[in-house]
Every structure is written in C-alpha cells, then in structure tokens.
Amino acid sequence: MQIDFSTHLDFLWALMPEAVLTATALALLLYDGFVKRSGAGGVPPIAWGSLVAIGLAAVANVWLMGVEEVGTTGPVAIDDFRIFTNFMFLGAGALTILISLDYNVREGIREGEFYALLLFAIVGMMLLASSRDLILIFLSFELMSLAVYALVGFNRRDRKSAEAALKYFLLGAFSSAFLLYGMAMLYAAGSTTNLGLMRQLLDPRSVGVAMIMGIALLAIGFGFKVSAVPFHVWTPDAYEGAPTPVTAFLAAAIKGAAFAAFIRIFVVALGDLHGYWEQIIWWLACLTMVVPNLIALVQDNIKRLLAYSSIAHAGYLLVALISANESGMAAFLFYLVAYTAMIVGAFTVLLVIAGQGDRRQRISDYAGLGYSRPWAAAILSLFLVSLAGLPPTGGFVGKFYILRASVESGYVNLAVILAVTTLVSYYYYLRVIVTMYMRPELEPVERPVWSGPLRTVLVVCAAITILLGILPSWPLLKARQSVEGLRQVAEQVVDPGQLAGR
Amino acid sequence: MSFLAYIYSSHWILTFLVFFPAVAGIACLFIPQKRLRIWAFGAAMIEFLVSLPLFWTFEIGRFEFQNIAAIPWIPDWGISYSIGMDGISLLLILLTTFLLPISVLVSWLQITEKERLYYAMLLLLGTGMLGVFVALDLFLFYIFWEVTLIPMYFLIGVWGHERRIYAAVKFFLFTAMGSLLMLVAILVMFWLRLDQFGAPSLAYADMLQLNIPRSLQFWMFAAFALAFAIKVPMFPFHTWLPDAHVEAPTAGSVILAAVLLKMGVYGFLRFAIPFFPAAATDPTVVWIIFGLALMGILYTAWVAAVQPNMKKLIAYTSVAHLGFIMVGTFALTSESVTGGVLQSINHGVSTGALFILAGFLYQRRHTYEISAYGGLAKVIPIYSGCLVVVALSSIALPGLNGFVGEFLILVGAFKRYPWVTILATTGVVFAAYYMLPMVRRAVWNEVTIEENRKLLDLSRLEMAIIVPLLIMIVLMGVYPQPFMKRIAASAEFLSDRMALVAEQQLEGSSDEALAASSVPGSRPETR
C-alpha cells in the first residue's frame, strides 16, 4: 500500500497504530467510568484491557511495515525509524503496565485512569517520533507531557508525589514555551513547518539571526525535555516522587521519545546546519555526562541515584546524536533498547524491595540482600553492571557503539570524556553492589512478593540485557537498517574535508 | 586417538578451556553445600588435566598462532570470535590452569562462608583470565579483560580482611581507568581500519597491518600502555596492589599475583608493542618505561624491606619482580623477551607459593605481622623448609626457577642497554636484602612468643597444595629448556619484527611518508 497524503483517509492509514491505541484507550476510559467498582483491591480489568490495546497497536505497527510512503515530506513519516521506535515505546509501555499492576494494588491506586493516561502518553510518544511537522511535534509533546504530569502526581495521598508533579509540570510548561518559541523562529527563518521541506529549502550559506535563535531556543527546550544539564534540576525530584513504575517509564520511554524528535529536527531537518548546533550540543553532552555522574556519587536514596544515572545516560545519548551520522543514530536506537531494558528492570527490583509505602529506598536498606534475597540481588546487579557499561551486557555493546560513532565523526574528545565519566559512574553502581554483597544485613527484609507479571518483566529485561551483550548482531542490523531512511540526509552532514579543516 | 589429536589441534580445546570454568562456576551456585568443595576442585582439576597435553601438542619453533579459530560473531562490525595461542600464551594458559586447582584447595582451608558464590566467582575468574590469553580479536579481548574485574572484585570485597571494601573498590577503579581509555584507542583503531581497508575489523592480524600515523601512535600507545601498566603494575600506578593483596583471601592473592599481573605483561607483548612499533621503540618512550621499571625495582625494594606485614612485603616484591620483567620486555631482544615470559611464569609459581605459605601461617595465628613469628624452624620444620626454598627461588638462587628467568633477562637486555641492566641487577641484591631478613625473623631466631610453640606443622592437605609448586620451582630451575623452547620462536619473531621497524626508522621516515599518504585528511582529530 502506498500513502501520499492526497486524501484525508491517508492520514488515518498513516496513523493506524496511534489511532488504534487512542480508540481503545478512550473505550477503556468509558468502560471504566460505567463499570461497578469492586470494593476490595485486585487488578482492575482496564489494566488487562490496556495490555490488549498495546497488543493491537503492535499488530497495526506490523501492518505499517508493509506500507510505503511517497516522498519524504509527508507530515507523518512512515519509515523504519518510526516503526522501530513505535515497537520500543509499545514494549516499554507494556513493561510499565505489567509492573504497575501489583504496585498500584499495593499502594492503593485504584483508579483505572492510570492505565488510560499511560496509553495516551504512549500515543504522544509514538506521534512524537513519527511527526515531520513542527506543529505536530509540539502537539504530541503536549499530549505526552500532560498525561505524564498527571501520572507523576497520581499517588494523591503522597506529598512527595504531588511535589514531583508540580515541579515537573511547572518546568515542563516552561520548557514547552521555549520549544514553541524556537519553533516559531524556525518557521520564520525557514518559512515552513514541514521538516522535510525545511531541509530542502534551507541554505546553509545564508543563515540568519532568527535561525540561530530558533536553534538555541529549541536546544534549550529539548534540554529540559531530555533533562540535559543544566536543565536537569527537575529530574531527581520528579523521579523520586513519582510512583516507581512511572519513574521507570519517565526514565526510559519519555526520554527516548524526546530524543527521537530531537533526531527528526536537528539531525535530519537541520542536518546541514550541523556546524551551528554542534557547539551547543557538545557542551550539553559534556556537562550532562560530567555533572550527574559526580552528584550521583553522594546519593543515599537509590531512586535518586538511578535518576542521576539516567541523566548521565541522556548525556551518552547526546554523544550518539552529535555525531549525526548513520552509526550515531543506529547507536542511539540500539542503546535506547538496551537502556530501556536495564532501567525498567532495575526499577522493578527497586519497586519490589521498597515494600509497602515505598519505605526501603535507601542504599543502606540493601545491605546483605545478596544473601537474604539472592535472586533479587543477582538480577539487580546484572542491571547495574549493564548500566555501568561492563561486558558482557547490552550496556557495554551500546556504549561501544556510541563510542564508535563519536570516534568515527571525529569527536575523540567526547569519547574520552565518556570513558572517564563512565569510570566515575562505576563507583556508585559498585556502591550498591558493595552494599548488597559486602555489608551485613541490618534489618531483615520481609519476603518480597514476586507476582507473575513482575517475574515476566524481570525475565524479559534480563534476557534483553544479556542477549544484547552476547548476540547483538541481529539487533544491531535492525538498528542500522532503521536509520537508513534518514541516511541520505545524514551523509552530507559529516564532510571529511570540513572535519579536517577544524 | 585421532579424535583427541583433532581436538588438540583445533580451537575446540581452547574454547573448552575458556568456557568450561564459567559453566562449572554457574553450576557451583546450585550444588548442595556438602559436595560443593569436591565439585569445585573436580572442575578445576578437569580444567588442568585437559589443558596439560597442550604442552606437548604445541608445535615448537612455530611463531604463528596455533589452534586458531575465527567464527563471525558480529559480522556487521567485523567482529569475530577469534582465538588462538602462541608460545607466549601457551605457558600463561598452563600457569592459569595449574593454579586453579591449587587455589581451590587453598580455599578449602580458608573459606567457610558463602562458599557457593565464592567458588562460582573463582571459576568465573578462570574464564576471564584464559579468555584474555587466547583472544585474537580486540573486542573479545576487551570483554575478557573486563570480565576478570568483577569476580576478583568480589573475591577481595566479600571474603577479604578488614579493609576489604576499600581495597576491592580501589582495585576495580584503578584497573577500569586504564581499560576505558584503551577502549577508546581500540575504537580509533577500528575507525582507522575502516578508513584504510574499507571493511570493519578488529581481528588481531588485521590490526597489525594498520598504518598508524606516527603522531597518533604515541597517543594510542599511551592509552594501551596505561591499561597494561596499571595491571602490571608499574611504579606510579602500583598503589592498588599492596592493598588488594593484603586484603584478599589467599586464593585471591595467588591468582592476582600469579596471573592477573601477567595479563599486563602479556598485553604489552601481544598488543601495545606490535601494534605501535614506532612508539614502542622510540628512545624517549623506552627510557620512560625503563625509568619507571627501575624505580619499581629499586624503590619498592626499599619499601618492601621495612614492611612489618608479610603479605604486604610479598606484594611489594611483586612490583619489583614485574619491573624486572618489564625491562626484559622492552629491551626487545629475543633472549630478554623469552626471559620476561619465563620470569612471568616463575614469578607466578614462586609468589603464588609465598602467598600460600603466608596464608598457612595466617590460618594458624590470624596475623600477617612478621614480628608475631620467630623460630618457626624449630616448631614447624617442614613448613619452614618450604618457606626457605620458596624465598630462595624468589630471590633467584641458581638452581631454582627464579634464576633462569632473571639471567635470561639480564643477558638479553645487557646487549642493548648495559646501564639499565646493571642498575636492574642491583635489584637482585635488594631482593636478598628484603626477603632474607623476613625469613630470618620468621623462621630462624629464637621462639619468643609462647603461642608459637603450639603450632602444628603442615597437614596432608597443605602438603598436597605446596608440593606441586615446589616441584615446579625445582623443575623449572634445573631443566628450563622445554619451557624456553616453547617461548623462543614467538619471542624471536617479536624482537625481529621490532628490530626491523627500528631499522626502518633509522633509514629515514619512509614508512612515515607512506603512512601519511595512505591516510586521508579525515583522520580523527583530538580537539
């Protein structure tokens, strides 16, 4: 099937997975409004319904693989990049729902809207990664963010949750303003909101002030969204206060979606202006690697520690993107998959160990866990080792790929900074492992409840983490193929002669 | 029989040796406590017995790699599962498998808690070490190099003594620091390969053909050398070693001294020197290395002399001995390189034995302070005899193994760097200066502490541990020929190759012009 956006129906076809997801989410919301609530907890049917919705959207996404797009200027992209990221967001969403089931029951979150909001956030993310139009990008940002603001504050009885939501909302709205302003500037300079057209129309030789302003404002806006230093201050609080499944979702999927839009705007549409934006992104990447890794050294709360670790990982992803070549974008996709698996896995273990009311969140609470709960400790160690980027895990192969991309495009200095900050990060990941295996138990942990869904998530995440480390060739191939559509754009970005002249 | 012959001439034997310990280690986690020790020992023994025939099936006189394999692993990046061995790796492999059952036995005596995890980690460490010695692909090598970190970190951190966590973290961070920069250098090589040959590859043989611009060679040599120098450890980077040794359980110390440090030497011989010949033969670089090695020999000899702690003393002697080996390695004559490798094996055996003997004393008195002992010869004569023999081997008494290696190094290095050799030779004197007083204070004086009168002499198990080591010490001392023969071809090949490069440099920078011309202007800039 071919799509050229000549009729309105084409839009529906092009947005099939999103449409399916939205429709089912709305239906579930309605159903939840009318169904009688059984007084005693238990997993609400809407939760299972939302899993089905994700399954349907995945099927639609598979169907989308056979659809062809005419040209590269349609407002909605139908390329391998989008298909890949769609699968990833759906997967991350499914994992999040699976770990929320028990958590919500335990923490007394009974409202079915939780799952509907999650689905809407996923719709926003999928749109974000697929839109080739500035306005659509902004809309999907808002769709995603509004749902997530609500999710962060979903645990109404918890003060921390409310605080997190407020901070996240205020700064999120603030950053949206930056984004919007930047987009307006871009529109003024490029006289189009379509990214595909913008690339064709832009003349890198005559770049005006409006363009530069637009790039700067957009970079700031994205900096907030992906929590790059110095725009990261909301992150630790939001991550700490949010319900743990939402934290996992925030850390993995939301960041990925924002980065995907970043690729669409900076790497693809503004690819020719690489020389103008690489400086600012260089500094963002550098700071985002150095600062959080240092701050994480002194964290006592494990959720906060992982929050800082996730900021640092945003820095590594920025390194992949600044390379702006094929391997950079492929590295980004690969790393995102590995990172999603390991961070969701890590938060799952945290969620279980924390126990009723999220009490056990300090690193010292993990003392002796290696012997009292050997499986939980072993699997958490696996995720931490992978986050640290030690072989043979997916984290290592991903980091290798990112380093490769940055060396390839001449950013050896960023590669060295990445290596050194990784060294720093070893210390705090090791600290958790030290506590689990080398310090005596302080107070016995009550027997954690490992329900079926939680086990599934852990097994899936661990399997992905190990497989990506040991047999990465197939995923690597897929990641590379997925960005091939963006390639012709990227090829011109790194001009060897230009590099040597620098 | 032909099946066995096939196995021993193919890569399967190496593949088995590398992965069997890991499998056995994971199995250890699930074995009932009662049978655990026997099983762990059985696994280590199988490993050793399977590896032993390699000594005879190895083709002497061939410098090419043997038992090679190259199975595509990540074809997209040109990364393959490439393994193989030559004379240099053969003996290091055998040293590793020889020490594995011994360290399991040592642990029988010492480790009483969390045993499952312990034996799992010990065996997993075996996989990492053997992998390092057989890997012929930089990606694979790096993975195994890092894989050794975590088990050792656990061995020190969980089963060590009082300051174990500090020592474990220090060990980990020091080693990781070097290896991360090496990773960046590996990636630069990957990129150069892609640029010069158009196809990605990280295979060892392909990397040797790279044309690396001279200026870049220095940076990359520095990155590799830092990783290996930390591991060796060379003088200013050695501070993690005494801590790690003192805090580690006996088996950890044995493996650390005998094998992990040799990974650094091996890295220089296998990678840093052949990859970057221009940098490695550059006079300034060589003098820096010699300077650090001599500092290591002389300075640590003084430091060792005043150590009250037996294990720390042995740790410092390791730094001194490794300094010696580095002199041999960088003198780059075929004798000195052979001597360096041989001395690596010797040092592994004798220092391993020293740590084991120190561990035996610790079992009895729970202290490593030398002053807590004295007059042991009268109370536990067999033990004292062993200690004296091992100490003499460590200070290179002719007829014991240490002498052969040091002699070869000195002979080989004297040809090219007489003054360095003379200075290094004083290290031999110093070795006697710190080692003999320790032996005297522990073994010979009068018994001053009543508690020592009640000490028991070596048990049968302890004899079973120490006797194989003593046999090796004497055997390699009186009949080193078979060992040398196996190293010689590879060592000679390396030294010839380097001599060739040095000659080319003298003739003028023709290869430099070549290197510059084949690399377009787009080489990575360090901005």
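Student: Which residue of β2(B) is the bridge partner of B:Ala69?
Tutor: Start from B:Ala69 and look across to β2(B). The partner there is B:Ile83.

Student: Which residue in the hairpin of β1(B) and β2(B) takes a positive phi?
Tutor: Look at the hairpin, where 4 residues lie between the strands. One residue there has a phi near 65 degrees, and that residue is B:Gly78.

Student: Now for chain A: is helix α14(A) oblique or roughly parallel to α20(A)?
Tutor: Helix α14 (residues 326-354) and helix α20 (residues 473-482) of chain A pack with their axes 8 Å apart, at an angle of about 130 degrees. Angles under 35 degrees would count as roughly parallel, and those over 145 as roughly antiparallel. The angle therefore makes α14(A) relative to α20(A) oblique.

Student: How many nonpolar residues does the contact of α14(A) with α20(A) have?
Tutor: Among the contact residues are A:Leu333 and A:Phe334 of α14(A), and A:Leu476 and A:Ala479 of α20(A). By class, the contact has 1 polar and 2 charged residues, while the nonpolar count is 7.

Student: Where in chain B does pLDDT stay under 50?
Tutor: Chain B averages a pLDDT of 87, with 96% of the residues at 70 or above. Where pLDDT is low, the predicted coordinates should not be read in detail. In chain B, the stretch that stays under 50 is residues 510-527.

Technical notes. Residues are numbered from 1 along each chain as its sequence is written. Chains are lettered from A and ligands numbered from 1 in the order in which they are written. This is a predicted model: local features need pLDDT of at least 70, side-chain atom pairs count only at pLDDT 80 or more; totals for chains, interfaces and linings use all residues. Axes are lines fitted to C-alpha atoms, for helices over the stretch in contact, and angles run from 0 to 180 degrees between N-to-C directions. Helices (H or I, at least four residues) and strands (E, at least two) are DSSP runs, numbered from the N terminus. Angles under 35 degrees count as roughly parallel, over 145 as roughly antiparallel, 65 to 115 as roughly perpendicular and the rest as oblique. Two residues are in contact if their C-beta atoms, placed from the backbone, lie within 7 Å. Ala, Val, Leu, Ile, Met, Phe, Trp, Tyr, Cys and Pro count as nonpolar, Asp, Glu, Lys and Arg as charged, and the others, Gly among them, as polar. pLDDT is the predictor's confidence in each residue, from 0 to 100. Two strands pair if DSSP finds at least two bridges between them.
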